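Here are my notes on the model you asked about.

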Amino acid sequence: MADLRTRYMGIELKSPIIAGASNLSTDTHKLRQMEEAGVAAIIYKSLFEEQVQLENLELFERKTEYEHRNAEQVTLFPNSQTVPESPDDYLLNLRKAKEAISIPLIASLNAVTDEVWVEYAAKAAATGVAGLELNFYSLPDETGNDRETIEKRQVETLRKVKAAVKIPVAVKLTPYYTNTIRFISELDKAGADAVVIFNRLLQPDIDIFTELHTMPYNLSSSEDNKLPLRFTGMLHGTVKASVCTSTGVYTANDVIKMILAGADAVQVVSTLYRNGVDVVRSMTEEVGKWMDGHGYKDLNSFRGKLSMKKSENKLPYTRAQYIDVMMNSGDIMKKYRSLS
Ligand SMILES: Cc1cc2nc3c(=O)[nH]c(=O)nc-3n(C[C@H](O)[C@H](O)[C@H](O)COP(=O)(O)O)c2cc1C
């Protein structure tokens, strides 16, 4: 029987398949279902700085007046029909979730100010979770900070959080950095125990009939995993931090590809929503069967085999491959001849 165990951010996992942060984690029944299906660890839904801000405002207004609270809630949570969970309730629910399962639970934070990052990292760690995931999120904005300032601040936030907690700390990133690999190397030097590549941001759309903005909740597809696949391959063997591949990991084949590229673990979310949490059972079985068929007794036997460092063919990671495909795109696109 193939051995699927892996070490992720210093934590021993029975397999490389982790449930990424989503609303599924806030439902105890779903948490247990995920554990039964063979998920190796679960990232709990993020606590957002806006929840903390709203709570602070409420405390302030209890001492003064109540007038602006509604307006502020509309600004912070424009589409929310209900009052968002308070940070104290979040921490309580995080603790309950941790107690409901025996696989590692990892807390996730999405803050803005260092005070909130550090305070809630410490509070989340005190619930007994196995690790923390920092969900870095910064929107481009002409009047905002430049690249260097944003990146320095994020590295500094990581350092402060690392100094405040004893549990391992992962950083979940978007792909939108000027030089993502170099930035990850800065995070690595600052002590990140893992990098999660990548988060999938929601993008607003426009409804041309109502002429209004919409915020569609589009789940990913397997096609979306090419970018994380490439970055995983480029990172393998270059950083001390574990590499966790996220976005578009749907099937056992996707998991195998990510390990071949060099992933220590993968996170799945959309496939859980689309195919049900039981999909993890068959994914795990199929990865094991593939390993048996290829004579791999454990993940390390093939991890990173097709990474930039270890692969004999470096072409997929180079500019030359891009140029080659672009120069030959006429031939490649012949399969779409019905369009011409
Ligand atoms: C319903 C839903 C809720 C999510 N909530 C969070 C969250 O709280 N924190 C976070 O870092 N990512 C959150 N995500 C993003 C996922 O963790 C993941 O990064 C993204 O969906 C890409 O992975 P996938 O292709 O497997 O879905 C959420 C995704 C979905 C679909």
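The points below move from the barrel to its helices and then to the ligand.

1. A word on the source. This is a predicted model, in which local features need pLDDT of at least 70 and side-chain atom pairs count only at pLDDT 80 or more, while totals for chains, interfaces and linings use all residues. Residues are numbered from 1 along each chain as its sequence is written.

2. Start with the barrel. Eight strands close into it in the order S3-S4-S5-S6-S7-S8-S11-S12, with parallel pairing. From one strand to the next, the twist averages 25 degrees. Helices (H or I, at least four residues) and strands (E, at least two) are DSSP runs, numbered from the N terminus. Two strands pair if DSSP finds at least two bridges between them.

3. Now look at two of the pairings. Strand S5 (residues 105-110) and strand S6 (residues 131-135) are parallel partners over four bridges, and Leu109 has Leu134 in S6 as its bridge partner. Strand S7 (residues 169-173) is likewise joined to S8 by four bridges, running parallel; here Ala170 stands opposite Ala194 in S8.

4. Which way do the residues of S6 point? Gly131, Glu133 and Asn135 point one way, Leu132 and Leu134 point the other way, and all are buried. A residue is buried if 20 or more other C-beta atoms lie within 10 Å of its own, exposed if 12 or fewer, and partly exposed in between, with C-beta atoms placed from the backbone. Since five of the five residues of S6 are buried, the strand is largely enclosed by the rest of the structure. In a regular strand, side chains alternate between the two faces of the sheet. Strand S8 (residues 194-197) is covered on both faces: Ala194 and Val196 are buried on one side, Val195 and Ile197 on the other.

5. Next, the pair of helices H8 and H9. Helix H8 (residues 226-235) packs with helix H9 (residues 252-261) at an angle of about 30 degrees, and their axes are 8 Å apart. Axes are lines fitted to C-alpha atoms, for helices over the stretch in contact, and angles run from 0 to 180 degrees between N-to-C directions. The two helices are therefore roughly parallel to each other (angles under 35 degrees count as such). Leu229, Thr232 and Gly233 in H8 meet Lys257, Met258 and Ala261 in H9, where contact requires C-beta atoms, placed from the backbone, within 7 Å.

6. Stay with H9 for a moment. Nine of its 10 residues are buried, and these pack against strand S3 (17-19), H8, strand S11 (242-246), strand S12 (265-268) and helix H11 (279-294). H9 is followed by Gly262, which has a positive phi, near 130 degrees.

7. Is Thr232 buried or exposed? Thr232, in helix H8, counts as buried because 29 C-beta neighbours lie inside 10 Å. Leaving aside neighbours within four places in sequence, Thr232 is in contact with residues including Ile197, Val243 and Gly262.

8. Finally, find the ligand. It is surrounded by 20 residues, the closest being Gly20, Ala21, Ser220, Val269 and Ser270; a residue is near a molecule if its C-beta atom, placed from the backbone, lies within 6 Å of it. The shell divides into five nonpolar, 12 polar and three charged residues. Ala, Val, Leu, Ile, Met, Phe, Trp, Tyr, Cys and Pro count as nonpolar, Asp, Glu, Lys and Arg as charged, and the others, Gly among them, as polar.

Definitions and conventions: Parallel < 35°, antiparallel > 145°, perpendicular 65-115°, else oblique. Contact = placed C-beta atoms within 7 Å.
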